[in-house]
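I opened this notebook to record what I looked up in the structure shown below. The entries follow the order in which I worked.

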Amino acid sequence: METNRQKKIGGVLQKDLVDILQGEVRKNGVSNLVISVSKVVVTTDLSVAKVYLSVFPQEKAPALLEAVKSNMSLIKHDLSQRVKLQLRKVPNLSFYIDDSLDYIEKIDSALSKKENPIENRDLLEKRKKS
């Protein structure tokens, strides 16, 4: 369970990371690409922040994730300049692609088809016994 401090720091990091990433996209003149930071989860000791990115169109997500990871030091430096009055030390950032929208879309399409897994239990994957 996240503490209030973790949530507040996550919110500050999320807001500033959105500004940094979208600013870089605009500055480099990349069109037809939308990046948003859907969630930032900070560890209890505030040393690591997991950043979940939503990318549209989804086909560009792996390439964008590699680009973000290769420019991690520049992103962390920009972030440190923005939050230097709120945080003593900027957490180490680890970036992930947030695929929750795809998961929701998959569930919606499964429920709208004739093969509704709620009505026909045989369509559900069986749990594996450990």
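Entry 1, strand pairing. I took two strands as paired if DSSP finds at least two bridges between them. Strands (E, at least two residues) and helices (H or I, at least four) are DSSP runs, numbered from the N terminus. I noted that this is a predicted model, in which local features need pLDDT of at least 70, side-chain atom pairs count only at pLDDT 80 or more, and totals for chains, interfaces and linings use all residues. Residues are numbered from 1 along each chain as its sequence is written, and side-chain values use heavy atoms, with hydrogens and water left out.

Entry 2, the sheet. I looked up Val-34 and found Phe-56 in strand 2 as its bridge partner. Strand 1 and strand 2 (residues 48-56) run antiparallel and are joined by 8 bridges. The open sheet has 3 strands in the order 1-2-3, with mixed pairing. Strand 1 (34-42) and strand 3 (92-97) are at the edges with a single partner strand each, so one side of each has no neighbour in the sheet. From one strand to the next, the twist averages 30 degrees.

Axes are lines fitted to C-alpha atoms, for helices over the stretch in contact, with angles from 0 to 180 degrees between N-to-C directions.

I applied the rule of a side-chain nitrogen of Lys or Arg within 4 Å of a carboxyl oxygen of Asp or Glu, and the count came to 3 salt bridges. I classed residues as buried under 20% relative accessible area, exposed over 50% and partly exposed in between (1.4 Å probe, protein chains only).

Which residue forms a salt bridge with Asp-19? I found Arg-82, with the closest N and O atoms 3.7 Å apart. Arg-82 lies in helix 3 (residues 72-83) and Asp-19 in helix 1 (residues 4-27), so the pair ties together parts 63 residues apart in sequence.

Lys-27 forms a salt bridge with Glu-24 at 3.0 Å between the closest N and O atoms. Lys-27 and Glu-24 are separated by about one helical turn because they are 3 residues apart in helix 1.

Asp-16 and Lys-15 meet in a salt bridge at 3.6 Å, N to O. I noted Asp-16 as buried, at 8% relative accessible area, and Lys-15 as exposed, at 54%.
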